[in-house]
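The structure is shown below.

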Amino acid sequence: LLVISLQDDQAAIMSSTGDKHELGQAVHKLHGAVRVCGVPRLENALSKLASAIKAEDDDEIGVLLNYLDGEITALTEWYRTNPDPFSSTAVTSRRQ
């Protein structure tokens with residue numbers, strides 16, 4: 001489910017960069033989901049970004065938004081190229 005909503009969460013984060021409170025809420029929401037799902041690289045990027053938002057470090061926020069974008073892209077690409085082993089098509093293809 002995380003990957004399905006990831007692009008919407010990414011869009012919410014990128015569109016709220018002018019409002020630190022809104023940005024913090026969007027980062028917090030995704031950070032919670034990532035913790036539950038266990039995606040350490042994405043969790044690390046979100047944790048660093050949350051800290052920069054709290055510190056109101058605008059330069060670091062910009063750098064970390066780019067870092068987060070790269071981690072989201074990497075996860076999305078990995079998911080696209082690695083089929084879900086529990087999907088019905090994966091089970092069917094293994095049986096053949």
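## Contacts and overall fold

Two residues are in contact when they have heavy atoms within 4.5 Å of each other. In this predicted model, residues 24 or more positions apart account for 51% of the contacts in the protein chain with a separation of 6 or more.

The protein chain has 5 helices and 0 strands, and its elements run α-α-α-α-α from the N terminus on. Taken along the principal axes, the C-alpha atoms fill a box of roughly 55 × 20 × 20 Å.

## Helix α4

Helix α4 covers residues 58-81. Its 24 residues should span 34 Å at 1.5 Å a residue, and the end C-alpha atoms are 35 Å apart, which agrees.

Which residues of α4 are buried? They are Ile61, Leu64, Leu65, Leu68, Glu71, Ile72 and Leu75. These buried residues pack against α1 (2-15), α2 (20-37) and α3 (40-55). An α-helix has 3.6 residues a turn, so residues three or four places apart point the same way.

## Nonpolar core

The largest nonpolar core has 21 residues, of which Ile13, Leu30, Leu42, Leu46, Leu49 and Leu68 touch the most other members. Each of α1, α2, α3 and α4 supplies at least two residues of this core.

Leaving aside neighbours within four places in sequence, Leu49 is in contact with Val27, Ile61, Leu64, Leu65 and Leu68.

Of the 96 residues in the protein chain, 28% are buried. The chain exposes about 6400 Å², and carbon and sulfur atoms supply 53% of that area.

Notes. Residues are numbered from 1 along each chain as its sequence is written. This is a predicted model: local features need pLDDT of at least 70, side-chain atom pairs count only at pLDDT 80 or more; totals for chains, interfaces and linings use all residues. Side-chain values use heavy atoms; hydrogens and water are left out. Helices (H or I, at least four residues) and strands (E, at least two) are DSSP runs, numbered from the N terminus. The expected span of a helix is 1.5 Å times one less than its number of residues. Buried means under 20% relative accessible area, exposed over 50%, partly exposed in between (1.4 Å probe, protein chains only). A nonpolar core is a set of buried Ala, Val, Leu, Ile, Met, Phe, Trp, Tyr and Cys residues joined through side-chain atoms within 4.5 Å. Accessible areas come from the Shrake-Rupley method with a 1.4 Å probe; for residues, only the protein chains shown count as cover.
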